[in-house]
Amino acid sequence: MSDANNEQRATRRFALKLPITVKPEPTAGDQPAQTEDVSARGVYFYLDSAPSEGSTIDFTLTLPAEITLTEGIRVRCVGRVVRVDNPSNGGQVGIAAAIEQYDFLGD
């Protein structure tokens, strides 16, 4: 069987390094981060500490003018942590989050 047949992602991912602020739990402060990849349904990024798999997180990412073809747009998202990748060398934790709701933010 080829690797393409084993692919579980339903949407194409783009290797985009976008600024993102993450609020891993309701009482936590915002943590700055950067996406590793983005799709229409989710994001992957790194944090210093891991939220629980299955937990709800809030995050805001900024789509740059190169993508929107107008001006940078901030998008506030509510998502669910679907995977937590432990660091291989004591670094940051990889977080895969599915986007469940989003709103475009004005100035």
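1. Two strands count as paired when DSSP finds at least two bridges between them. With that in hand, take β5 and β6 in this predicted model: they pair in the antiparallel sense over 11 bridges. One place to look is Arg74, which stands opposite Leu105 in β6. β5 covers residues 73–85 and β6 covers residues 93–105, in case you want to colour them before reading on.

2. On to what else β6 does. Six bridges join β6 to β3, and these two strands also run antiparallel.

3. Val38 stands opposite Val43 in β3. β2 has another antiparallel partner in β1 (residues 19–23), with four bridges joining them. In that pairing, Ile20 stands opposite Ala33 in β2.

4. Ser39 deserves a click. Is Ser39 buried or exposed? Its relative accessible area is 7%, and the cut-off for buried is under 20%, so Ser39 counts as buried. Its side chain reaches the backbone nitrogen of Arg41 at 3.1 Å. Beyond four places in sequence, Ser39 touches Thr11, Arg12, Arg13 and Ile99.

5. Arg13 turns up again in a salt bridge. Its side chain meets that of Asp37, with an N to O distance of 3.1 Å. The two sit in distant parts of the chain, 24 residues apart: Arg13 is in the loop between α1 (3–6) and β1, while Asp37 is in strand β2. Arg13 is partly exposed at 29% relative accessibility, whereas Asp37 is buried at 18%.

6. How many salt bridges does a search of the whole structure find? Five. Another of them is between the side chains of Asp58 and Arg76, at 3.6 Å, N to O. This pair also links distant parts of the chain, with Asp58 in strand β4 (residues 56–63) and Arg76 in strand β5, 18 residues apart. Asp58 counts as partly exposed at 26% relative accessibility, and Arg76 counts as partly exposed at 30%.

7. Next, Arg80 and Glu100, whose side chains meet in a salt bridge at 3.0 Å, N to O. Arg80 lies in strand β5 and Glu100 in strand β6, so the pair ties together parts that are 20 residues apart in sequence. Both strands are the ones from the opening point, paired over 11 bridges. Arg80 is partly exposed at 31% relative accessibility; Glu100 is partly exposed at 47%.

8. Now for the inside. The largest nonpolar core has 18 residues, and those with the most contacts inside it are Ile20, Val22, Val43, Phe45, Ile57, Phe59 and Leu61. Ile20 and Val43 have come up already: Ile20 stands opposite Ala33 in β2, and Val43 is the residue opposite Val38.

9. Leaving aside its neighbours within four places in sequence, Val22 is in contact with Gly29, Asp30, Gln31, Ala33, Phe45, Leu47, Ile57, Asp58 and Phe59. Among these contacts, Phe45, Ile57 and Phe59 are also listed with Val22 as residues with the most contacts inside the core. Asp58, another contact of Val22, is the residue that forms the salt bridge with Arg76.

10. Last, a backbone angle to check. Phi of Leu69 is near 60°, a positive value in a residue other than glycine. Where is Leu69? Leu69 is in the loop between α2 (65–68) and β5. With a relative accessible area of 72%, Leu69 is exposed, because exposed means over 50%.

Conventions:
Residues numbered from 1 in each chain as written. Predicted model: local features only at pLDDT ≥ 70, side-chain atom pairs only at ≥ 80, totals over all residues. Heavy atoms only, no water. Buried < 20%, exposed > 50% of the residue type's maximum accessible area, 1.4 Å probe, protein only. Polar contact = N/O pair within 3.5 Å; in protein donor to acceptor, adjacent residues only side chain to side chain. Contact = heavy atoms within 4.5 Å. Salt bridge = Lys/Arg side-chain N within 4 Å of Asp/Glu carboxyl O. Core = buried A, V, L, I, M, F, W, Y, C linked by side-chain atoms within 4.5 Å.
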